[in-house]
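Let's take a walk through this protein chain, strand by strand and then charge by charge. Have the sequence and the model side by side as you read.

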Amino acid sequence: MNHGVELDRSRYPLVVMRAGARYTQEDWDALMSDMIELIASGPFGLINDTRGSRMPNAVQRRAVAQMYVDHERQVRAHLLASGIVGESSLVNGILTALNWLKPPPHPVRVFSSVNDAERWVLQHFSLDLRRRALAQTALRSAG
């Protein structure tokens, strides 16, 4: 992915976010809107694949922090865990953004592979949610 930001819900309740190297402020604003909608929709886990992406700027980091403040109750109830995948310098920047105002109210861990992040995030799901995510994965693989 060279541009834009993708929020892949095809395996919901396991959601994968990817950002290209050249996403715009409009892409970021759309992502924030999509994240707010996702947070309101019910429990989910997030894999944030930052490989090949640039670090969010100060305005974008503030938007993430504000989303946590404005939607704290729903974030606490619905965002079960976030696994971040990426290069170390970028990951440090992302973690800084997530902790801009205060630590996130959900578990966060950094990984070097999507598979490791997925296994860890799924551990934070109820048995029912894990089955749903794995069923969606199987459907996607079969299709």
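Start in the sheet, where β3 and strand β4 (residues 79–85) run parallel to each other and pair over six bridges. Two strands count as paired here if DSSP finds at least two bridges between them. To find your place in this pairing, look for Asp49, whose bridge partner in β4 is Val85.

Before going on, a word on what you are looking at: this is a predicted model, in which local features need pLDDT of at least 70 and side-chain atom pairs count only at pLDDT 80 or more, while totals for chains, interfaces and linings use all residues. Residues are numbered from 1 along each chain as its sequence is written, and side-chain values use heavy atoms, with hydrogens and water left out.

Now for the other neighbour of β3. Strand β2 (residues 14–19) also pairs with β3 in the parallel sense, over five bridges. Here Met17 has Asn48 of β3 as its bridge partner. To get from β2 to β3, the chain passes through helix α1 (residues 25–41), and this β-α-β crossover is right-handed; that is, with the strands pointing away from the viewer, the path from the first strand over the helix to the second runs clockwise.

How many of the residues in β3 (residues 44–49) are buried? Six of its six residues are, so the strand is mostly covered, where buried means under 20% relative accessible area, exposed over 50%, and partly exposed in between (1.4 Å probe, protein chains only). Phe44, Leu46 and Asn48 point one way from the strand, Gly45, Ile47 and Asp49 point the other way, and all are buried.

Step back to the whole chain. Its secondary structure comes to six helices and five strands, where helices (H or I, at least four residues) and strands (E, at least two) are DSSP runs numbered from the N terminus. Read from that end, the order is β-β-α-β-α-α-β-α-β-α-α. Of the 143 residues, 42% are buried. Take the contacts (heavy atoms within 4.5 Å) between residues at least 6 apart in sequence: 74% of them join residues at least 24 apart.

On to the charges. A salt bridge here is a side-chain nitrogen of Lys or Arg within 4 Å of a carboxyl oxygen of Asp or Glu, and by this rule the count comes to seven. One of them joins Asp8 and Arg18, with the closest N and O atoms 4.0 Å apart. This pair links distant parts of the chain, with Asp8 in strand β1 (residues 5–11) and Arg18 in strand β2, 10 residues apart. Asp8 counts as buried at 10% relative accessibility, while Arg18 is partly exposed at 27% relative accessible area. Glu6 joins in too: Glu6, Asp8 and Arg18 are linked in a network of salt bridges.

Another salt bridge brings together the side chains of Glu118 and Arg11, at 2.7 Å from N to O. Here the link goes from Glu118 in helix α5 (residues 114–122) to Arg11 in strand β1, 107 residues apart. Which of these two are buried or exposed? Both Glu118 and Arg11 are buried.

Asp116 is partly exposed, with a relative accessible area of 31%.
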